[in-house]
Amino acid sequence: MEETKKRSTFSGKLGFVLAAAGSAVGLGNLWRFPYLAAKYGGGIFLLVYVLLAVTFGFALMVAEIAIGRKTGLSVVGAYKKLNKKWAFVGYISAAVPIIILPYYSVIGGWVTKYIGTYVSGQGTAAANADYFSNFISGTWQPIIWFGIFVLATALIVIFGVEKGVERVSKVMMPILVVLTIGIAVYVITRPGASEGLKYYLVPDFSQLTSKTFLAAIGQLFYSLSLAMGIMVTYGSYMKKDVNIENSVFQIEMFDSGFALLAGLMIVPGVAVFSGVEDLNASGPGLMFQVLPQVFDNMPGGHVIGGLFFVLVLFAALTSSISLMETVVSIFQDKVKLPRRVIVILVTIGTFLIGLLSSLGFGVLSFIEPLGEGTSLLDFFDFISNSVIMPIVALLTSIFVGYVVKTKLVSDEVKLSSKFHFEKMFVVMIKYIAPIGLVLILVSSVLNTLGIVTI
Ligand code: TRP
């Protein structure tokens, strides 16, 4: 995504929405959302998430896209062009995909492994409670699958066949949605599901803490690819006549809708197969532990399981490709090396950093960076989603609210349509977002340091 004078643009609105939704929908929806929802109290997490999505997520996404379209530049250039002193926000944003790509690829490796599991007819073994923990605590197995995933991503980026992958995934995505609906219906009609369904859908306010907000906001950024410069870049490719506000609504509806659906398939599944009391202890392995049990019980479940993980792999690949391209373009702007060399160096770097997350469940599991039971993967995930992204979002709000002023964004939105929610946008960006983010950040630091528990 070089900053050339004349940028190619997405063809029309549908092209933009599909491209942005393609980057948004991935493991964040299927793997990350359900385990966070389970861990942070189910219904209350859902409520907080949806409220944040339609207010803060909306405002931030409109702002990022408008900045990108206005300047026609990627994140560092865009901030620099609007105000030299604020270019640093672009640099901080750039750190996010660099941190995410390695551990994203570790999870992508888990998905790839499960395809292997179903193809080799081990669906029943996978339904065993120990299968997943035996797998991730090993040394070579997870590394090999992770390596395969990184390599696949790199090859697609090197040979420039993203378009092909995207075309395939446009066909795969609707199938994945339909399959997810089918699996969710199967799960919630099992005996024992109602308790899980209640946990997932009915808010329990006694579980509401500042951590719920931090987790929900981090997930919102992660899932919508916000607060990391991605949407600025996407905006820079958007045509001037495309309705920004509408596009943001559609992307959000699709992304959040799919996340809610994935949760509907996984969270009640825990209640069916192991009991509701396990939900608060959920972690990154949830999807890989619950779904094999579902598939093992379902008629034709092993075939469905294999198909499911193939579809998930495509959703993960479209995201990892876009992540790797972002990282490559960050370095391309800085070092004068041929693109292919940069891709190879990024691949090696990604592999080396990812090794930490992969081994963090095995030989490095004695390292518990965020307290008992946490892993190195949790640590990288926390640093990017719960520390850097909220900081980027806070700086973006201050920048838009007080430095370039909200009018800059409003004017850009109004180039193509009315700005129906302009008032809400202004209030969010100028007041609620900065104050809310500071409160969330401070309380989470105090919490992590054990000073207060709120
Ligand atoms: N939003 C993606 C998901 O839900 C993950 C992601 C985070 C991403 N940052 C990104 C994808 C940047 C593409 C580009 O899985």
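This report describes aromatic ring pairs and surface patches in a predicted model.

## Basis of the description

Because the model is predicted, local features need pLDDT of at least 70 and side-chain atom pairs count only at pLDDT 80 or more, while totals for chains, interfaces and linings use all residues. Residues are numbered from 1 along each chain as its sequence is written, and side-chain values use heavy atoms, with hydrogens and water left out.

## Aromatic pairs

Rings of Phe, Tyr and Trp (its six-membered ring) pair if their centres lie within 6.5 Å, and a pair is called stacked with planes under 30 degrees apart, edge-to-face with planes over 60 degrees apart, and tilted for the rest. By this rule the model has 29 aromatic pairs. One of them joins Phe 45 and Tyr 49, which counts as stacked because the ring centres are 6.3 Å apart and the planes stand at 20 degrees. Both residues belong to helix H3 (residues 43–71), where they are 4 residues apart, about one turn of the helix; helices here are DSSP runs of H or I with at least four residues, numbered from the N terminus. Phe 45 is buried, at 0% relative accessibility, and Tyr 49 is buried too, at 1%, where buried means under 20% relative accessible area, exposed over 50%, and partly exposed in between (1.4 Å probe, protein chains only).

Another stacked pair is formed by Phe 146 and Phe 351, with 5.2 Å from centre to centre and 5 degrees between the planes. Phe 146 lies in helix H8 (residues 140–158) and Phe 351 in helix H16, so this pair ties together parts that are 205 residues apart in sequence. Phe 146 is buried, with a relative accessible area of 0%, whereas Phe 351 counts as partly exposed at 28%.

Ring pairs also link a cluster, whose members include Trp 110, Tyr 114, Phe 288 and Phe 361.

## Surface patches

Patches are made of residues with over 30% relative accessible area and no salt bridge, joining like charges within 9 Å and nonpolar side chains (Val, Leu, Ile, Met, Phe, Trp, Tyr) within 5 Å; a salt bridge is a side-chain nitrogen of Lys or Arg within 4 Å of a carboxyl oxygen of Asp or Glu. A nonpolar patch of about 660 Å² includes Phe 331, Val 335 and Leu 352. Its largest share, 5 residues, comes from H16, the helix in which Leu 352 is found.

A positive patch is formed by Lys 80, Lys 84, Lys 334 and Lys 336. Lys 336 sits in the loop between helix H15 (301–334) and helix H16 (339–359), and Lys 336 counts as exposed at 74% relative accessibility.

Terms used: Accessible areas come from the Shrake-Rupley method with a 1.4 Å probe; for residues, only the protein chains shown count as cover. Lys and Arg count as positive and Asp and Glu as negative; His and the chain ends are not counted. The place of a charge is taken as NZ of Lys, CZ of Arg, CG of Asp or CD of Glu. Helices (H or I, at least four residues) and strands (E, at least two) are DSSP runs, numbered from the N terminus.
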